[in-house]
Amino acid sequence: MVVDTDAVFHALADATRRDILARVIRSGQSVSELARAYPMSFAAVQKHVVVLERAALVSKTRRGREQIVHGEVEAVRRVARLLDGYEQLWRQRAAGIERILEEDS
């Protein structure tokens with residue numbers, strides 16, 4: 001599956017969304033349960049969940065009248081691999097700069 005990096009980074013740019021993701025990875029929670037954890041309206045929390053859902057970091061299932069939000073662990077792993085790739089690029093670049101500096105010394 002291709003990672004929509006813009007959607008992922010947008011979703012993870014907000015501290016509340018990162019906290020919601022951490023909570024629902026530990027255990028699925030209803031949007032109502034999540035809303036009680038934050039000093040904001042149900043609608044505001046729901047909007048945060050939608051952003052996470054668009055980034056494929058969470059999914060929702062129905063349990064009666066409630067929507068249960070679950071963290072998508074494989075999606076988080078894909079993001080981690082993506083970031084690992086960026087880290088490797090930067091490490092290679094830093095090593096190249098280090099070699100150039102050593103040659104100039």
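What follows is a talk about the sheet, the helices, the core and a few single residues.

Mentor: Keep in mind that this is a predicted model.

Trainee: What makes β2 and β3 a strand pair?

Mentor: Two strands pair if there are at least two bridges between them. β2 and β3 (residues 66-71) have six bridges, in the antiparallel sense, so they meet that definition. Within this pair, T61 stands opposite I68, and K60 stands opposite V69.

Trainee: And how do you know that β1 pairs with β3?

Mentor: Two bridges join these antiparallel strands, and at least two are required, so β1 and β3 count as paired. Here Q29 stands opposite V69 of β3.

Trainee: Why are β1 and β2 said to stand at the edges?

Mentor: The open sheet has the order β1-β3-β2. β1 (29-30) and β2 (58-63) each have a single partner strand, so one side of each lacks a neighbour in the sheet.

Trainee: Which helices pack on this sheet?

Mentor: Helix α2 (residues 15-26) touches β1, β2 and β3, and its direction makes about 95° with that of β3. Helix α4 (residues 42-54) touches β2 and β3, at about 120° to the direction of β2.

Trainee: Why are α1 and α5 called roughly perpendicular?

Mentor: Their axes cross at roughly 100° and come within 12 Å. The label covers 65 to 115 degrees, and α1 and α5 are therefore roughly perpendicular to each other. On the α1 side the contact holds T5, V8, F9 and L12, which meet V79, L82, L83 and Y86 in α5.

Trainee: What is the make-up of that contact by class?

Mentor: Seven of its residues are nonpolar, one is polar and none is charged.

Trainee: Which residues touch the most other members of the largest nonpolar core?

Mentor: I20, L34, V45, V49, L57, V58 and V69 do, in a core of 20 residues. α1 (5-12), α2, α3 (31-36), α4 and α5 (73-104) each supply at least two residues, and α4 gives the largest share, four. As for L34, leaving out residues up to four places away in sequence, L34 touches I20, R23, V24, Q29, V45, V49 and V69.

Trainee: Why is A75 called buried, whereas A56 is called partly exposed?

Mentor: Buried means under 20% relative accessible area, and partly exposed lies between that and 50%. A75, in helix α5, has 5%, so A75 is buried. A56, in the loop between α4 and β2, has 27%, so A56 is partly exposed. Apart from neighbours within four places in sequence, A75 is in contact with A56 and L57.

Trainee: What makes the phi of A56 worth a look?

Mentor: Phi of A56 is near 65°, a positive value in a residue other than glycine. A positive phi near 65° is also found at G64, in the hairpin of β2 and β3, which has two residues between the strands.

Trainee: How far from A75 is S41?

Mentor: Their C-alpha atoms are separated by 27 Å, and the two residues lie 34 apart along the chain.

Trainee: Thank you, I can now trace each label to its value.

Note on methods
Residues are numbered from 1 along each chain as its sequence is written. This is a predicted model: local features need pLDDT of at least 70, side-chain atom pairs count only at pLDDT 80 or more; totals for chains, interfaces and linings use all residues. Side-chain values use heavy atoms; hydrogens and water are left out. Contact means heavy atoms within 4.5 Å. Axes are lines fitted to C-alpha atoms, for helices over the stretch in contact, and angles run from 0 to 180 degrees between N-to-C directions. A nonpolar core is a set of buried Ala, Val, Leu, Ile, Met, Phe, Trp, Tyr and Cys residues joined through side-chain atoms within 4.5 Å. Buried means under 20% relative accessible area, exposed over 50%, partly exposed in between (1.4 Å probe, protein chains only). Angles under 35 degrees count as roughly parallel, over 145 as roughly antiparallel, 65 to 115 as roughly perpendicular and the rest as oblique. Ala, Val, Leu, Ile, Met, Phe, Trp, Tyr, Cys and Pro count as nonpolar, Asp, Glu, Lys and Arg as charged, and the others, Gly among them, as polar.
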